[in-house]
Amino acid sequence: MNDILVSTGTIPLATKDNFSDYYVIESICSQLDIDGVEFVILPEWDQDNRPLTPTSAKWSESIKPSHDELLSYIKNTKLNPKVIHCNRDIGNYLCSNKEDMVTKGLRILDENLLFAKEIHANVAVLHLWDTYSNKIDIEKLFNMVFSVGKKYDFSLAIENIPISDKSLSQKAIWEMLESIMPPNYGFTLDLNWCSLYNNFNELILYHKRILNVHVQGNISASGLRPRVGDLNLMDCLKTILLHGYQGYITLELCNPKEVKDFVEAIKLIKNEVSKCIK
């Protein structure tokens, strides 16, 4: 049976809070029929640097919780963080041609993985590269990440985020990574990015290495739809499940207006899962 999770990244928006206001997450999640959360570590919480990736938050006004404050918060809740999403800026730091930026990226990764260990997460989602970089050395990036990750006894799941390097495709990257990753590492399959590139049928070939599926999209009267493209999210979820997938299914809900949006989206996902079990 698949565990159904919700990403904490946009949860505060359901109560009109800033999405970086982590302290409202538990009260909203307590209203949801979920098995746990994918706890997102936000670059907006960085006390020293603005996020490198686009953000709608005002960094100067965002709260900046410390490692210990976040750890204390989670340990005193019932959030059940089975997955963490590492700081989305890590790949940007690692792709920099500045040594101090790369060093910071590795430090953030180490801090994130330590945090994952401390909260007993099973999987850590990682953005391995800078989506805007037009030249990416995947093997070099992975070796840097593994130099840190090998200290921790749990799985990294590299996400199929967008790429700007015209010499690469997501399938080519996954093929390369599959050949060099240890057995406990794998992928996060984000269906919205599959919709962007129309490559779901290519990436599903790696279903045995998929550890986490992101159902990313908007909820409307017509159901769950990706932010970009027109991929049928529920059909894709069905295909994944019929391949025998037993891993995490994580709702990444975009632009929620109220808690009801999460309730309805989770219901759609659970219905699809239950149909495939019968």
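Is Asn255 buried, exposed or partly exposed? In this predicted model, Asn255 counts as partly exposed, because its relative accessibility is 49% and the partly exposed class covers values between under 20% for buried and over 50% for exposed.

## Two asparagines with positive phi

Asn255 lies in the loop between S9 and H10, and its phi is positive, at about 55°, although the residue is not a glycine. Most residues other than glycine have a negative phi.

Asn198 likewise has a positive phi without being a glycine, in this case of about 50°, and it is found in the loop between H7 and helix H8, the latter spanning residues 200–203. With a relative accessible area of 66%, Asn198 is exposed, whereas Asn255, at 49%, counts as partly exposed.

## The largest pocket

The largest pocket has a volume of about 1000 Å³. Its lining is made up of 33 residues, of which Pro54, Arg88, Trp193, Gln216 and Arg227 are the closest to the centre of the pocket. The elements that give two or more residues to this lining are helix H7, residues 191–197, and strand S9, residues 248–253.

By class, the lining of the largest pocket divides into 14 nonpolar, 13 polar and 6 charged residues.

Two or more residues of the lining come from each of helix H2, which covers residues 67–75, and helix H4, which covers residues 99–118.

H4 gives the most to the lining of the second largest pocket, with 6 residues. Sorted by class, this lining holds 8 nonpolar, 5 polar and 5 charged residues.

Glu272 has its place in helix H10, which runs over residues 259–277. Glu272 counts as buried because its relative accessibility is 8%, and the buried class takes in values under 20%.

When residues up to four places away in sequence are not counted, Glu272 touches Met234, Leu237, Lys238 and Leu241.

Technical notes: Residues are numbered from 1 along each chain as its sequence is written. This is a predicted model: local features need pLDDT of at least 70, side-chain atom pairs count only at pLDDT 80 or more; totals for chains, interfaces and linings use all residues. Side-chain values use heavy atoms; hydrogens and water are left out. On a 1 Å grid over the protein atoms alone, a cavity is a set of points where a 1.4 Å probe fits but cannot get out, and a pocket is an open set with protein on both sides within 12 Å along at least five of seven lines; lining residues have an atom within 4 Å of a point. Grid points are joined across faces, edges and corners, and a volume is the space filled by probe spheres set on the points. Helices (H or I, at least four residues) and strands (E, at least two) are DSSP runs, numbered from the N terminus. Ala, Val, Leu, Ile, Met, Phe, Trp, Tyr, Cys and Pro count as nonpolar, Asp, Glu, Lys and Arg as charged, and the others, Gly among them, as polar. Buried means under 20% relative accessible area, exposed over 50%, partly exposed in between (1.4 Å probe, protein chains only). Contact means heavy atoms within 4.5 Å.
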